Amino acid sequence: MSSTEILPLIALIAMFVIATIFPINIGFLGFVGAFAVGAIYLGYDDKEILSAFPGSIVLTIVGVTYFFGMAKKNGTIDLLVNVCIRAVRGRVSLIPWVFFAVASFLTALGTFSPAAVALIAPAAMTFAARSRMSPLVMGIMTINGAHAGAFSPISVSGIIVRDLVEGNGLAIEPWSLFFASYGINTLLSILTVVVYAVASRVRTLEYTATGSITTAGAHDIDDEGPSKANRVQALTLALIAVILVLVLVFHLPISFIAIAAGVVLAFTDLKKQSDAIAGISWSTVLLVSGMITYVSILQELGTIDHLADMALLIGAPIVVALVLCYVIGLTSAFASSTALLTAIIPLAMPLLEMGALPIVGVVAALSISATVVDVSPFSTNGALVLANAQGIDRRVFYKHLLLNAVAVVAIAPLLCWLILVIIPNAVG
């Protein structure tokens, strides 16, 4: 590789390091880098540099987060949680699965994963404290649920991954990606429950203020909160159904549909318009657009193709796939999963173009490896669970989250590789 290709790559690594150490959105760094590299090395003007700006993805993020922000403010999300809690009729052991299901439902509808965890984590950790269940298990189940639905055909992450793959001339079945993600995260959740049950922690673990651990029987959960929808909430539920029909049946763009649905809800309470707009995930918009723009410049330079060629020198393509799964999994525990997807998936494209490995399997393995490690307290989802934990010593809880993240980083990429790459490749 020439210095023209190496220096922008070093800059990309530096961006992840800076964004990890300092509270700076990596998207800003991506735009700065795209301008510097594009102007200096390629002689591009601003229009050429922004030619790969992901306008459709940006509009999707804005529309989806705007609509579900409105749904949260009018109490529809809380209503769904309360209905699900009542459905288990006080069976405490099923409560973690309720939050898993609700979180996966929200992300499958299009809510961005951190947004779903932010919506659900307060209720989940409150129930954990009230029923004296393990806050660690409750938090992990909520995060896993958010990841399970995160790659649906209408979700932000699913759209990003498909655009990256299809932009390189390959095709991927969106429902296959979704079911792969749901299956792996469900399996990891089952393992979580089993492991902590064996350790006598699922229903009896209680963190005390001193950080010690005691056991106590789980309490029954009282029915609290509304169970019937008011007019605005009924309208919100109807709009969700309309969105699903228009997007999944008629294949209309969710970006415009979600914005239109959000505007309809806005007329139910015009005073909260500024709050709803402020609730849009602008940080995610910056992150995704900045990183995709910068990576597109690297592709123009030929850096991505050279890195892919170097990766192939490792040996068999199937080994390269495993290495990429661990690289993206380990790095994602400390950096943005979405940003890493935009950087790593293009590296796998030459590998997939060889036709030796299943496209859906490799893409799904990389995508899931990047997200399942977000139980780390260094990630947004892990930090949200830590911040909402109640009645515990946070230092102890932080250590337990960190240890669990280490285990996931060690196991999850290998599990994804075995189930999604090795088995389909052997069968095929």
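Let's begin at Phe178. Is Phe178 buried or exposed? Phe178 is buried, because its relative accessibility is 10% and the cut-off for buried is under 20%. Keep in mind that this is a predicted model.

Now look at the residue beside it in the sequence. Phe179 is exposed, with a relative accessible area of 54%. The cut-off for exposed is over 50%. The two rings still pair. Their centres are 5.3 Å apart. Their planes meet at 55°, so this pair is called tilted.

A quick general point. A pair of aromatic rings is described by the distance of the centres and the angle of the planes.

How many aromatic pairs does a search of the whole structure find? It finds seven. One of them is Phe100 with Tyr182. This pair is edge-to-face, at 5.9 Å centre to centre and 90° between the planes. It links distant parts of the chain. Phe100 sits in helix α6, residues 95–109. Tyr182 sits in helix α10, residues 174–198. Phe100 is buried, at 4% relative accessible area. Tyr182 is partly exposed, at 26%.

Now put the rings together. Ring pairs link Trp97, Phe100, Trp175, Phe178, Phe179 and Tyr182 into a cluster.

Next, the whole chain. It has 428 residues, and 52% of them count as buried. There are 20 helices and two strands. Take the contacts between residues at least 6 apart in sequence: 79% of those join residues at least 24 apart. The chain exposes about 17,800 Å². Carbon and sulfur atoms supply 68% of that area.

How confident is the prediction? The mean pLDDT of the chain is 81. A value of 70 or more is reached by 90% of the residues. Which element has the highest mean pLDDT, and which the lowest? Helix α8, residues 135–148, has the highest, at 92. Strand β2, residues 213–215, has the lowest, at 36. Over residues 201–222 the pLDDT is below 50. Beyond near neighbours in sequence, that stretch has 62 contacts in the model.

Now two single residues. Ser367 lies in helix α18, residues 359–371. Ser367 counts as buried, at 0% relative accessibility. What does Ser367 touch, not counting residues up to four places away in sequence? The answer is Phe151, Val161, Leu177, Leu341 and Ile345.

Then Lys73, in helix α4, residues 55–73. Lys73 counts as partly exposed, at 39% relative accessibility. Leaving aside neighbours within four places in sequence, Lys73 is in contact with Lys272, Asp275 and Ala276. Take Asp275. Lys73 and Asp275 are 202 residues apart in sequence. In space they are 9.1 Å apart, C-alpha to C-alpha.

Last stop, the surface. Ile13, Val17, Ile18, Ile21, Phe22, Ile24 and Phe28 make a nonpolar patch of about 650 Å². Where does the largest share of the patch come from? It comes from helix α1, residues 3–21, which gives four residues. Ile18 is in helix α1, and Ile18 counts as partly exposed, at 33% relative accessibility.

That's my tour. Thanks, and I'll take questions.

Note on methods. Residues numbered from 1 in each chain as written. Predicted model: local features only at pLDDT ≥ 70, side-chain atom pairs only at ≥ 80, totals over all residues. Heavy atoms only, no water. pLDDT = per-residue confidence, 0-100. Contact = heavy atoms within 4.5 Å. Phe/Tyr/Trp six-rings, centres within 6.5 Å; stacked < 30°, edge-to-face > 60°. Buried < 20%, exposed > 50% of the residue type's maximum accessible area, 1.4 Å probe, protein only. Areas by Shrake-Rupley, 256 points an atom, 1.4 Å probe, with all protein chains shown as cover. Patch = residues over 30% accessible without salt bridge, like charges linked within 9 Å, V, L, I, M, F, W, Y side chains within 5 Å. Salt bridge = Lys/Arg side-chain N within 4 Å of Asp/Glu carboxyl O.
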